[in-house]
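Trainee: Could we go through this model together? I would like to begin with the ligand.
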Amino acid sequence: METIFSKNKEEHPESIKAEVQGQLPTWLQGILLRNGPGMHTIGDTKYNHWFDGLALLHSFTFKNGEVYYRSKYLRSDSYNCNIEANRIVVSEFGTMAYPDPCKNIFAKAFSYLSHTIPEFTDNCLINIMKSGDDYYATSETNFIRKINPQTLETLEKVDYNKYIAVNVATSHPHYDSAGNILNMGTSIVDKGKTKYLLFKIPSSVPETEKKKSCFKHMEVVCSIPSRSLLQPSYYHSFGITENYIVFIEQPLKLDIVKMATAYIRGVNWASCLAFHKDDKTWFHFVDRKTKKDVSTKFYTDALVLYHHVNAYEEDGHIIFDIIAYTDNSLYDMFYLKKLSKDFEENNKLTSIPTCKRFVVPLQYDKDAEVGSNLVTLPTSATAVKEKDGSIYCQPEILCEGIELPHINYGYNGKKYTYVYATEVQWSPVPTKIAKLNVQTKEMLHWRADHCWPSEPIFVPSPDAREEDDGVVLTCVVTSDPKEAPFLLILDAKTFKELGRARVNVEMHLDLHGMFIPEKALKTETE
Ligand SMILES: CC1=C(/C=C/C(C)=C/C=C/C(C)=C/C=O)C(C)(C)CCC1
Ligand SMILES: [Fe+2]
């Protein structure tokens, strides 16, 4: 386990030809680009948490039936400062560090008295985002880093905060049909009003502009005030339907006072997050046209979620599927100490990720009796009217034990049938890939001994007629040293293996990524 999680991984910036077994579809041409933590030790210092590791990008390029692999560390300012100092000098999620005295790039960190929140890291290790023709590595701070998807080189650093007042933003943006990005972020320090902002980054800028920057044209679409000024909710993703934004204000909250004093107290960012188990979880539905939050108060019991699966509208209801927990044990499980020592005995999940479906009636009989269930669709999910007019929602359980959900993005915001995900049993590390039919709850699986698959990515076939016409791609890390890691290609419909592309490198466990079809790649850089 130690090797898989915390051993520093070497980068392989020159492409390596993979050994392909089986038959890959001829239409599968493009780059699977993924991100995740690859280095957890610098000099004599070690990060505490798996999410702290320095971003290591890797890619699988599919070209005429062949597959090429490469990997490269993101040359973030955090990476460069740490490597130069040969110790951790930039704080990450679970590790508080103090800047190298001779470097002042992160010096703002010390001016906590004048700045409520210190400068965050640009170690963008979570996901990849597409903005126009460009690609960015992302995390959850105000910084993203442009990258070259072909060479994996690191390009400019973008500070969202220069354009709009967000201090943190999600790594799971949505894209509309024109390719514009819709994302959410929290404004913590702007005029003392803590709020959640939905913002848009256009996919293109006016032709006449000399220095083209989509970010200059970023705009706040609407905002939702935080229920608590000093404790906004933490969130990792949000949902979107044709007409609404689905935002869940969960009782896992960031404590701004704790964050502002974290440096002086020598504690990490993770300790500024707290789960308030007796609080409620509030649902917000913002009308994308009027930009107004639906006025009815919808809520459920305390839960913690990271990933929305999908959301859509049906007969006056909003249906949204999420992967939920009953506590915040997920973040605790990824402390490297827990992942290395007696892993199997000591690191059992205390809360199993559960795929829950909420069905929320937006149009309902306003004279309905208190205590009545307002849901009129065939589901076991309920929405019960309370005395004060608020509506208490309880979910239908779709399945247990899945995480890192992925759908056919063509069905995002629409009625859909399939979720591809990793399946976890007793540990936070997945052992299977699953396909769940959300209508029938039927499941298909793929597993193999000593194999640890990553987030599955669905790629539609060019002539797709059905939602699951395509392939599912997943990187498989092996715990058997005799077996090299591989990229697995499954037929999305049958979940049968089409092939694998083996690469003889020590591959890291990653988080998220995207497939870039050949036609979406700029040609001049090849
Ligand atoms: C550095 C930093 C943060 C980083 C959070 C990270 C890195 C979260 C990763 C979450 C993942 C990978 C979840 C998977 O389900 C915060 C708390 C936003 C704010 C303070 C500064
Ligand atoms: Fe995520």
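Trainee: Which residues come nearest to ligand 1?

Mentor: Phe51, Phe93, Glu140, Trp269 and Tyr306 come nearest, among the 14 residues around ligand 1. Here a residue is near a molecule if its C-beta atom, placed from the backbone, lies within 6 Å of it. Please keep in mind that this is a predicted model, in which local features need pLDDT of at least 70 and side-chain atom pairs count only at pLDDT 80 or more, while totals for chains, interfaces and linings use all residues. Residues are numbered from 1 along each chain as its sequence is written, and chains are lettered from A and ligands numbered from 1 in the order in which they are written.

Trainee: How do the residues of that shell divide into nonpolar, polar and charged?

Mentor: The shell around ligand 1 has 8 nonpolar, 4 polar and 2 charged residues. Ala, Val, Leu, Ile, Met, Phe, Trp, Tyr, Cys and Pro count as nonpolar, Asp, Glu, Lys and Arg as charged, and the others, Gly among them, as polar.

Trainee: Now the whole chain. How many helices and strands does it have?

Mentor: The protein chain has 7 helices and 39 strands. These are DSSP runs numbered from the N terminus, with helices being H or I of at least four residues and strands E of at least two.

Trainee: And what does the radius of gyration agree with?

Mentor: The chain has 22 Å, which agrees with a compact globule of 526 residues, for which the value would be near 24 Å. The radius is taken over C-alpha atoms, and the globule rule is 2.2 Å times the number of residues to the power 0.38. Along its principal axes, the C-alpha trace spans about 65 × 60 × 60 Å.

Trainee: Where does UniProt place the feature "binding site"?

Mentor: The unreviewed UniProt entry places it at His172, His236, His307 and His512. They span 341 residues in sequence, yet no two of their C-alpha atoms are more than 12.5 Å apart, so they gather at one spot. UniProt positions are given in the numbering used here, feature names are shortened, and annotations may be inferred rather than shown by experiment.

Trainee: Is His172 buried or exposed?

Mentor: His172 is buried, because 21 other C-beta atoms lie within 10 Å. A residue is buried with 20 or more other C-beta atoms within 10 Å of its own, exposed with 12 or fewer, and partly exposed in between, the C-beta atoms being placed from the backbone. His172 lies in the loop between β13 (168–169) and β14 (174–175).

Trainee: Which residues is His172 in contact with, beyond four places in sequence?

Mentor: They are Asn127, His236 and Ser237. Contact means that the two C-beta atoms, placed from the backbone, lie within 7 Å. His307, found in strand β24 (residues 304–314), also touches His236 and Ser237, along with Ile322, Ile323 and Pro405, when residues up to four places away are not counted.

Trainee: What about Glu442, buried or exposed?

Mentor: Glu442 is exposed, because it has 10 other C-beta atoms within 10 Å. Glu442 lies in the loop between β32 (432–437) and β33 (443–447).

Trainee: Finally, what pLDDT does the chain average?

Mentor: The average is 92, and 93% of the residues score at least 70. pLDDT is the predictor's confidence in each residue, from 0 to 100. Over residues 102–107 pLDDT stays under 50, and over residues 109–115 it is below 50. Where pLDDT is low, the predicted coordinates should not be read in detail.
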